[in-house]
Amino acid sequence: REAEVAMAAISIDPSDRAVSMRRLNRLATTLVRGGLGAVLAVALGCAHAGKAHEHGVGRLDLAQDGQTVTLELELPLEVLVGFERAPRSAAERQAAQAALARLREVQAVGRPSTQGAGAACEPLESVVEAPVLEGTAAPVGGHADARASYTFRCADALGLRALELPIFESHPRLQRLRVQAGGPQGQRRGVLGRADRRLDFSRSA
């Protein structure tokens with residue numbers, strides 16, 4: 001049986017003051033495009049504040065406003081290709097291209113799951129950024145990440161019940177996923193492991 005993960009209510013740790021402005025600004029921009037307010041962007045951004053780069057650990061923000069569902073994903077390059085620098089050989093370049101192509105496939109990352117056929121969600125856009133892997137930037141402190149955003153339009157927002165997460169299957173090096181979610185049902189956060197394949201919004205925190 002697929003694991004169902006109930007998320008605990010968000011509480012922002014006062015010690016987490018050093019907000020990652022780049023990550024927060026990216027999420028805010030995505031939410032504005034989808035019609036969401038800045039308050040939700042700040043809540044999700046602050047909740048992830050001060051988290052260090054961890055091999056094998058990714059981060060996923062989910063925001064829902066009306067019919068728009070937005071996912072923001074951050075993965076260490078180590079999860080994608082096993083190294084965190086620009087490719088050095090033809091084989092590494094091929095592996096990098098395949099990894100980025102896989103990351104652009106929305107259905108291999110996360111799929112909003114609905115109660116009925118009337119609430120089907122349609123993927124609208126996916127954007128992937130991995131400047132180190134693409135050779136346009138250098139790692140910082142020996143580490144580098146890839147970032148991706150995915151936007152969905154759901155016909156019936158109230159029918160949204162869960163997020164299916166095939167990302168663990170498509171990315172074998174991924175061990176844990178730190179998740180933040182915000183929408184009509186409130187704000188949630190939690191940590192998913194490789195055995196988890198579903199984020200359930202209908203269960204109470």
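This is a predicted model: local features need pLDDT of at least 70, side-chain atom pairs count only at pLDDT 80 or more; totals for chains, interfaces and linings use all residues.
User: How many salt bridges does the structure hold?

Analyst: A salt bridge is counted here when a side-chain nitrogen of Lys or Arg is within 4 Å of a carboxyl oxygen of Asp or Glu. For the structure, the number of salt bridges is five.

User: Glu-164 and Arg-198 also meet in a salt bridge; how many residues apart in sequence are the parts that the pair ties together?

Analyst: The side chains of Glu-164 and Arg-198 meet at 2.5 Å, N to O. Glu-164 lies in strand S8 (residues 160-164) and Arg-198 in strand S11 (residues 196-200), so the bridge ties together separate parts of the sequence. Both Glu-164 and Arg-198 are buried. The separation in sequence is 34 residues.

User: Is Glu-169, which forms a salt bridge with Arg-197, buried or exposed?

Analyst: The closest N and O atoms of Glu-169 and Arg-197 are 3.3 Å apart. Glu-169 lies in helix H5 (residues 167-170) and Arg-197 in strand S11, so the bridge ties together parts that are 28 residues apart in sequence. Arg-197 has a relative accessible area of 19% and is buried. Glu-169 has a relative accessible area of 55%, and because the cut-off for exposed is over 50%, Glu-169 counts as exposed.

User: Which two residues form the disulfide?

Analyst: The structure holds one disulfide. Its cysteines lie in distant parts of the chain, one in strand S6 (residues 121-129) and the other in strand S7 (residues 145-154), 33 residues apart. The sulfur atoms are 2.0 Å apart, and the link is right-handed, with 105° about the S-S bond. The two residues are Cys-121 and Cys-154.

User: Which residue in S7 stands opposite Glu-122?

Analyst: S6 and S7 run antiparallel and are joined by eight bridges. S7 is mostly covered, with nine of its 10 residues buried. Cys-154, at 1% relative accessibility, counts as buried because the cut-off is under 20%. The residue in S7 opposite Glu-122 is Arg-153.

User: What percentage of the 205 residues in the protein is buried?

Analyst: The secondary structure of the protein comes to five helices and 11 strands. Among contacts between residues at least 6 apart in sequence, 72% join residues at least 24 apart. The protein exposes about 9,600 Å², of which carbon and sulfur atoms supply 50%. The buried share of the 205 residues is 49%.

Conventions
Residues are numbered from 1 along each chain as its sequence is written. Side-chain values use heavy atoms; hydrogens and water are left out. Helices (H or I, at least four residues) and strands (E, at least two) are DSSP runs, numbered from the N terminus. Buried means under 20% relative accessible area, exposed over 50%, partly exposed in between (1.4 Å probe, protein chains only). Contact means heavy atoms within 4.5 Å. Accessible areas come from the Shrake-Rupley method with a 1.4 Å probe; for residues, only the protein chains shown count as cover. A disulfide is a pair of cysteine sulfur atoms within 2.5 Å. Two strands pair if DSSP finds at least two bridges between them.
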